There are 2 protein chains.
Amino acid sequence: MTNYAQQILDLILTSGDHLTAEQIYLRLKESSPRVVLATVYNNLNTLHGQNLIRKISVEGYPDRYDKTTRHDHLLCRGCGVLADVCLPDLTAQLQARVDVEILSYDLKLNYLCPRCRAAEAADQTKKEEANL
Amino acid sequence: MTNYAQQILDLILTSGDHLTAEQIYLRLKESSPRVVLATVYNNLNTLHGQNLIRKISVEGYPDRYDKTTRHDHLLCRGCGVLADVCLPDLTAQLQARVDVEILSYDLKLNYLCPRCRAAEAADQTKKEEANL
DNA sequence: TTTTGGAATTAGAATAATTCTAATTCAGAA
DNA sequence: TTCTGAATTAGAATTATTCTAATTCCAAAA
């Protein structure tokens, strides 16, 4: 594994977050100022191809990268923030219901994070006041 | 609802498939040759905002659109093709495990479609022959 | 050492998907 | 009719990502 690949992998594994290619690039630049975005993409694709990282795609947002340990995600429908959530492994339960071999699955729970819930409530209040 | 919106919605609901904006555009052009891709996107966004259609995002592929009736998806990891699969509603089961209110969830089962499975097997055979 | 061949990286052009902006058209209310 | 606001169009712009070609790096062979 090359030096950049290692650094990128470390960033993803230790960030405790769900970084985009752009965010990884910016962080990597702090220690390696000459690095270029294409290198980040190259390495992300390589790492993903080797199953060392997971790629998370949500409509409306750039792809984000994550560790591969099995877990699920909470996705805030307001702001797009992802949070990890570890639910029991459903593979057996799902496999029993379909007639093809499941390699893995991807489960996202949609919700509103506290901040967006508050924003929505405020919005609602404002609308009601306008309709007095 | 405008005429285009209606036509686009009909296309999505009756296609029995998971169409991309581009595919919808091409089909719509058959009956309305003057329509433009931006109009398709505009209407898709409107319909999605009204929760009349569902948007499916998979890394490496353009967004696809689908009916909103609750169902899950099989995703072929070889070619990206999506197939519907109707599994029992897991909302209650999931809700019992998390402390936030789940609005909905998104479940994709990764597998290899028969064609890609065959292709992979052939590939494997070829590799083994090369190593004789 | 020097050479050299392949992999990694860089630079930046290219592409694909999608959004945005401004101009135009349209459909219905006045 | 004329006016107004929404829908549509055209096409530029943006964003995310990939590709290509040139360059650099590094390790093993000479």
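Predicted model: local features only at pLDDT ≥ 70, side-chain atom pairs only at ≥ 80, totals over all residues.
Helix α2 of chain A covers residues 21–31, and its buried residues are Ala21(A), Ile24(A), Tyr25(A) and Leu28(A). Because these four cover an arc of only 100° around the axis, they sit on the same side of α2(A); the arc is that of the directions from the helix axis to the C-beta atoms. What do the buried residues of α2(A) pack against? Their partners are α1 (3–15), β1 (19–20) and α3 of chain A, with a contact counted if two C-beta atoms, placed from the backbone, lie within 7 Å.

Residues are numbered from 1 along each chain as its sequence is written, and chains are lettered from A and ligands numbered from 1 in the order in which they are written. Helices (H or I, at least four residues) and strands (E, at least two) are DSSP runs, numbered from the N terminus.

## Helix packing in chain B

In chain B, you can look at how helix α1 (residues 3–15) meets helix α2 (residues 21–31): they pack at an angle of about 115°, with their axes 10 Å apart. The axes are lines fitted to C-alpha atoms, for helices over the stretch in contact, and angles run from 0 to 180 degrees between N-to-C directions. The crossing of α1(B) and α2(B) is right-handed, a label given if the near helix is turned clockwise from the far one by less than a right angle, with left-handed used if anticlockwise.

Which residues make this contact? From α1(B) come Gln7(B), Ile8(B) and Leu11(B), and they meet Ile24(B), Arg27(B) and Leu28(B) of α2(B). By class, the contact has 4 nonpolar, 1 polar and 1 charged residues. Ala, Val, Leu, Ile, Met, Phe, Trp, Tyr, Cys and Pro count as nonpolar, Asp, Glu, Lys and Arg as charged, and the others, Gly among them, as polar.

## Strand pairing within each chain

Two strands pair if DSSP finds at least two bridges between them. In chain A, 4 bridges join β4 (residues 72–76) to β5 (residues 82–85), and the two run antiparallel. Asp72(A) faces Val85(A) across this pair. The two strands form a hairpin with 5 residues between them, and Gly80(A) in the turn has a positive phi of about 85°. β4(A) is also joined to β6(A) by 4 bridges, this time running parallel, with Asn110(A) as the bridge partner of Leu75(A).

Chain B has a parallel pairing of β4 (residues 72–76) with β6(B) over 4 bridges, where Leu75(B) stands opposite Asn110(B). Chain B also holds an open sheet of 3 strands in the order β1-β3-β2, with antiparallel pairing. Its edge strands are β1 (19–20) and β2, each of which pairs on one side only. Between β1(B) and β3 (residues 64–66) of chain B there are 2 bridges, and Leu19(B) lies opposite Tyr65(B).

## Where the chains meet

The contact between the chains takes 24 residues from chain A and 24 residues from chain B. On the chain A side, strand β6 (residues 104–111) gives the most, with 8 residues. By class, that side has 13 nonpolar, 3 polar and 8 charged residues.

Leu107(A) has Leu107(B) as its bridge partner, while Asp106(A) is bridged to Lys108(B).

## A positive phi in each chain

Most residues other than glycine have a negative phi. Phi of Asn51(A), however, is near 60°, a positive value. Asn51(A) lies in the loop between α3 (37–49) and β2 (54–56) of chain A, and this residue is exposed, with 8 other C-beta atoms within 10 Å.

For Asn51(B), phi is near 60° and positive. The residue is found in the loop between α3 (37–49) and β2 (54–56) of chain B. Is Asn51(B) buried or exposed? Asn51(B) is exposed, because 9 other C-beta atoms lie within 10 Å.

Technical notes: Buried ≥ 20, exposed ≤ 12 C-beta atoms within 10 Å, placed from the backbone.
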